Amino acid sequence: MDRMNRRGFLECMAWVGTGVVWTATGGILSSRVLPAAAAELTGGSFSFVQISDSHVGFKGQANPDAAVTLQQVVGKINALPTPPAFVIHTGDLTHGQKAGAFDTVAEILKGAKTDKVLYIPGEHDVFVDGGKEFLGRYAKGGPGWQSFDYQGVHFVGLVNVLKYKGEHLGALGGEQIAWLKQDLAGLSNSTPVVVYAHVPLWAVFPAWGWVTEDAEQALALLTRFGSVTVLNGHIHQALQKVEGNVTFHTAMSTAFPQPAPGVGPGPGPMKISEEQARPMLGMREVRYVLGTTPLAVIDSTLA
Amino acid sequence: MDEIRRLPARAWGPTRTPPSRPLFPALVATGVALSLVLGVGAAGRALPPASVDIQDSKYVPQALTVAPGTTVRWINRDEETHTVTSSAGLFGSAGLDLGEAYSYTFTAPGVYPYTCDLHAFMQGTIVVK
């Protein structure tokens, strides 16, 4: 950041959400610029990290080796004052499943100081073979969607890329929505819920496929909860949206930035220098404080 | 035919040949056999190949008319991965990175729409007549 003036910083921040804390309490969203030293977590709370779109195997103008920037993000994770309880990777681990890429991702993330890394697929992880390699590796051949509880928060990982190939949109499918309904059935309305999936669950820019066609059916099951945080990847930039008690966040990529929705001929790696790209790459720390149910979302970049 | 050759980025050579991942091996095998038989024009002359560039998330030209027996070659000029995928499931490339190409020989007259598996807004058509 020291290369930028204040105006440049603010413009950059507006664009990628850098250094902004989003706090959702009772469905009301507020934001503030992070203080220089973010407070350490106190007892009875936890944090986790979201990373996304590592695209290992990608080489381009903005990034000659996506494995290197992923490694640098792991360095940032390991430098957090409080180690995250777990890391969630929201898909596009690889750039089209190049040989050995899943192994490289796993190897790099072994170095992250955290108890567990959870993965859901992006379309780049499944379009070549219909998900065989990814699901064999991370879902024991099952469908890949998942849920778990951690310190009173219910986490749901959804898979919305397996129909991408045929229908060209993110889609969950009836079977997964039925599973979600059952999964949420026993939860009280006051349970904080975190949902993560690759393609945004809100219509960011449908013409570019930045939408999940049947997301509304899933969201209808979530509206009764007092606090829902939806974490997505796919579009390689941090955007936020609030709908009732549901807060949506898309994440930066660890590999290369993509243009703002609808800007330019299509989605794809921005053709900019590595130096220009770094402030647009990064990770996200999500903090949960028990008792007050706010989830603070903190994006930080490689710049 | 199944072998995927990874080319260095920015190596946009016109002589590179391509990865193709058969959607339906039997169909592709049939296509290969047909192209061996029909790869030359009715008069026995080899037909000049035709090419389509994939650039700025578009197929250029978007519509291309060729004679039966013509091999069409698509070259990806974008850093973004694209595919060439027949809407009717007749032919299909693997993911093409920058500089990679895919070829298919069209034998029967007809209209062949295709798209990119990763970008539905990309649409192209090959007309064989």
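**Note on a predicted two-chain model**

1. Among contacts in chain A between residues at least 6 apart in sequence, 70% join residues at least 24 apart, where two residues are in contact if their C-beta atoms, placed from the backbone, lie within 7 Å. For chain B, the share of contacts between residues at least 6 apart that join residues at least 24 apart is 56%. This is a predicted model, in which local features need pLDDT of at least 70 and side-chain atom pairs count only at pLDDT 80 or more, while totals for chains, interfaces and linings use all residues. Residues are numbered from 1 along each chain as its sequence is written, and chains are lettered from A and ligands numbered from 1 in the order in which they are written.

2. Chain A holds 9 helices and 13 strands, whereas the secondary structure of chain B comes to 1 helix and 8 strands; helices (H or I, at least four residues) and strands (E, at least two) are DSSP runs, numbered from the N terminus. In chain B the order of elements from the N terminus is α-β-β-β-β-β-β-β-β. Of the 303 residues of chain A, 47% count as buried, and of the 129 residues of chain B, 36% do. A residue is buried if 20 or more other C-beta atoms lie within 10 Å of its own, exposed if 12 or fewer, and partly exposed in between, with C-beta atoms placed from the backbone.

3. In chain A, an open sheet of 6 strands has the order β6-β7-β8-β9-β11-β10, with mixed pairing; two strands pair if DSSP finds at least two bridges between them. The edge strands of this sheet are β6 (146-150) and β10 (240-243) of chain A, each of which pairs on one side only.

4. Strand β12 (residues 282-289) of chain A has 7 of its 8 residues buried, so it is largely enclosed by the rest of the structure. Strand β3 (residues 45-51) of chain A is joined to β12(A) by 6 bridges and runs antiparallel to it, and the bridge partner of A:V49 in β12(A) is A:E285. Strand β12(A) also pairs in the antiparallel sense with strand β13 (residues 295-301) of chain A, over 7 bridges, where A:V286 has A:V297 as its partner in β13(A).

5. Which residues of helix α3 (residues 101-110) of chain A are buried? They are A:A101, A:F102, A:V105 and A:L109. Seen down the axis of α3(A), these buried residues fall within an arc of 105°, so they line one face of the helix; the arc is that of the directions from the helix axis to the C-beta atoms. On the other side of α3(A), A:D103 and A:K110 are exposed, while the buried residues of the helix pack against α2, β4 (87-89), β5 (117-119) and α5 (132-138) of chain A.

6. The largest nonpolar core has 94 residues, of which A:L158, A:V195 and B:W74 touch the most other members. A nonpolar core is a set of buried Ala, Val, Leu, Ile, Met, Phe, Trp, Tyr and Cys residues joined through C-beta atoms within 7 Å. Leaving aside residues up to four places away in sequence, A:V195 touches A:V156, A:L158, A:L222, A:V228 and A:V230.

7. In chain B, strand β4 (residues 70-76) is mostly covered, with 6 of its 7 residues buried. Strand β1 (residues 50-55) of chain B runs parallel to β4(B) and is joined to it by 5 bridges, and B:V52 stands opposite B:W74 in β4(B). A further 6 bridges join β4(B) to strand β6 (residues 101-106) of chain B, which run antiparallel, and the bridge partner of B:R73 in β6(B) is B:S103.

8. Turning to where the chains meet, 16 residues of chain B are in contact with 18 residues of chain A. Strand β8 (residues 119-128) of chain B gives the most to the side of chain B that touches chain A, with 3 residues. Strand β8(B) also pairs with β3(B) in the parallel sense over 4 bridges, and B:A63 stands opposite B:T125 in β8(B).
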